[in-house]
Amino acid sequence: MTRKGYEGVAVAVPVSVPYVRYSIRAAHWWLARCFSEILKAAGLKKDAIDGLSVSSFTLAPDTAIGLTQHLGVSPRWLDHVPLGGASAVVALRRAARAVQAGDADIVACIAGDTNHVDSFRLTLANFSQFARDAVYPYGAGGPNASFAFLTAYYMRVYGATREDFGKLCVAQRANALEYSPALFKKPLTLEEYLSARPIAEPLHLFDCVMPCAGAEGFLVLSEERAKALGVAFASLMGTIERHNAFASDPVQMRAGWALDREELYAQAGAGPLDMDFVQTYDDYPVVSLMQLEDLGFCGKGEAPAFVRRHSFTHNGSFPLNTSGGQLSVGQAGAAGGFLGMVEALRQLTGQAQARQVKDAKLGLVSGFGMINFDRGLGCGAAILRC
Amino acid sequence: MLEKPRRKNPVLRTRLPTLPPAARSRVALGLTAAAALGRFELQQCRDCAMVQYPPREACQQCLSVHLPWSPQSGEGELLSSTVLHHSNDLFFRERLPWRLGLVHLDCGPTVVAHLHGAVPPAPARVRVAARLDRAGQAVLVALPEKETSNMADDRQLREFTCDPRLRKVLVTDGKTAVGQALVQALAAAGAELIWVGYAEPWKKFPGFDELNRISQATLLPLDVTDSKNVRELAAEIGGKVDILVNNAEYHRAFGIGNRSGVETARAEMDVNYFGLLRLAQEFGPAMRLRGADGLASAVAWVNVLSIYALANFPPHGTFSASKAAAHSLAQCLRAEMRPAGVRVVNVFPGPIDDEWNQLVPPPKVAAAALANAIVGALRDGIEDVYPGDVAQEWLARWRDNPKALERELS
């Protein structure tokens, strides 16, 4: 059975609570600030929000429902999306269905995490049962070690070089210099990238995201409602999610996008070549290469050549992660999964200021998350049009 | 190849022991239970035969919940490797850089494993084994496909083993054949220094001269029933002992009805149970402090128990009881030594081929075979050792049905 389309769904009011490296506040503080910024930007009272979707790692022991009492809201539709880097796409997809079905009029999708001085270690140690039993006791390197395996394998099999990964990191830093909330404020040269200290070989310092505290959010509502409110919006053209795909591959070199991308592009009535920009999930550059392949911008194993062919700055030949991505902005836990979505909305609603991609009409946002054991399990993608 | 460590400056601080992450789900402890015996087992579905990893509650293929632990060869291909230069955990932070590998096992699953230094870059054939780490939990280690020279000297592998090489060992009783075989085996394994205890030092015992001819061995008066003697010896050498092998034993035949009075049973308890307690109280604290003391840190405490500790052997009834008591105490010692990463190795031999087992039919364990099994266990990081055919058979019968074994023995 073909799934129904996403006609009539608007995505609007991108909000970012500026990141800090460490915060003494709880996740609730960051989510509350995000929620109130959304209301302020949309000119709404909180009672107008009747749907709430929450993503966070550090909200524990609370989940979304505890947050309703904390924030004093009474939604008639509530979702908790603990899917890390896949959170934004999945939250949007579910919220879109709620709006289409009339279960909610306006859904606020918020993601936020705090970062105390020792909280990242604790998150890693208890990330999942498989991680606790079969990964963390092996050097406690966290995702650095997992992505080092994938990066080393990718380099060996497909001939990628450190320069290829470095090119993405350097271009994203250039983008970040035009995005004031980014935690990294200095330009990055390829020489600096290559000579950085090793973290988990072949990964070096600038291949790894920096954990931080922050929050991101947006609204999902009908196009009519968005127009009535007078907020700028993008329309949802298509979206997919897929979990634990290709489970029998001995090592992850592809994820669920490769299964569902045809359907994604069919929903949107557009192809990869039509995209004006792409926001990939970029906790490590190898993941961006995997997404470019699985989403059909090039064939499997061809991403190194693709990278060598393009520049990736906002004004370059293939605008990618135009606010700098997590590699240059910081990774605020689950909010890191929202970074690309919020930036896509800014690009499509003309709010991207100096990094505005010229004539951006159509953009693709991709999400990837949850290294449960040896690979990322969740993935999703969405195409938005203005 | 490891070099003998330089003498330590006693004024400098001794690094305190830390442990690798120890938390595991209950189902994952199946890996530890097998590794404690030196086995590599993974869950294998009883219904569809699929081998599973990481440990889980249901088969990922057919959803069966019957996933018994089954022996696996561990052979596989190294897909990729990394060298950590950063860790979020204190134990590894103190031991960086640290090498890890991603291995596709021939039996199906892909695993993350500690990677031996002699394994070449991927792709490479490897042999994955389970080893107990300093926290006493099983971890996977990818070894070179074939033995290489000085393989046991690998810096990472040595964190999982208790190799006697370059270490200082105390053997508590040098008067028995087992004690003398232990000294020979430990010397052959490259122990740096072997202190050998002997009670009643005014008596010259058979084998005395042979022991004195072993260059690493030093004989010291030690009577484990003498609290003062144990305390004074611990004060003298306790801060230097890396491996303590308690083989002191008092063994008489007879059960309950064939002997009147409690003197013999009390003597068995005094050596076999209270002897262990005295040693543990005097030597334990110093060894606990030296769990991370460089290349030759305190690593292991070996108790020579008896297979009769599992189930009473009525013809040797009071001896069995004293060994059962010692086994229980050794479990307590294991818990108390664990925070220091010092492994308590319990050895459960079948009847040893000595005069006190004269009437026990063969097969019996030769002293040299027992000694080699103990050194082998230290090298391979094994925690529970059942040397000899009788011990293996008793263990199998006991695991299968302890009540049936009790009936068979009576």
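**Stop one: a strand in chain B**

Select B:G197 and look across to β11(B), where B:L220 stands opposite. Keep in mind as you click that this is a predicted model. Now show both strands whole: β10(B) and strand β11 (residues 217–221) of chain B run parallel, joined by five bridges. To follow the chain from β10(B) to β11(B), colour helix α4 (residues 208–213) of chain B, which the path goes through in a right-handed β-α-β crossover.

Next, select strand β9 (residues 168–171) of chain B, which pairs with β10(B) in the parallel sense over four bridges. Click B:V169 and you can find its bridge partner, B:I194, in β10(B). Between β9(B) and β10(B) the chain passes through helix α3 (residues 177–188) of chain B, and that β-α-β crossover is right-handed.

Stay with β10(B) (residues 193–198) for a moment: six of its six residues are buried.

**Stop two: a helix in chain A**

Jump to chain A and select helix α7 (residues 162–176), where you'll find A:V170. Is A:V170 buried or exposed? It's buried, because 22 other C-beta atoms lie within 10 Å and the cut-off for buried is 20 or more.

Who are the neighbours? Leaving aside residues up to four places away in sequence, A:V170 touches A:L188, A:T189, A:L190 and A:Y193. Last, select A:F206: 36 residues along the chain from A:V170, with 9.2 Å between the two C-alpha atoms.

Conventions
Residues are numbered from 1 along each chain as its sequence is written. Chains are lettered from A and ligands numbered from 1 in the order in which they are written. This is a predicted model: local features need pLDDT of at least 70, side-chain atom pairs count only at pLDDT 80 or more; totals for chains, interfaces and linings use all residues. A residue is buried if 20 or more other C-beta atoms lie within 10 Å of its own, exposed if 12 or fewer, and partly exposed in between; C-beta atoms are placed from the backbone. Helices (H or I, at least four residues) and strands (E, at least two) are DSSP runs, numbered from the N terminus. Two strands pair if DSSP finds at least two bridges between them. A crossover is right-handed if, with the strands pointing away from the viewer, the path from the first strand over the helix to the second runs clockwise. Two residues are in contact if their C-beta atoms, placed from the backbone, lie within 7 Å.
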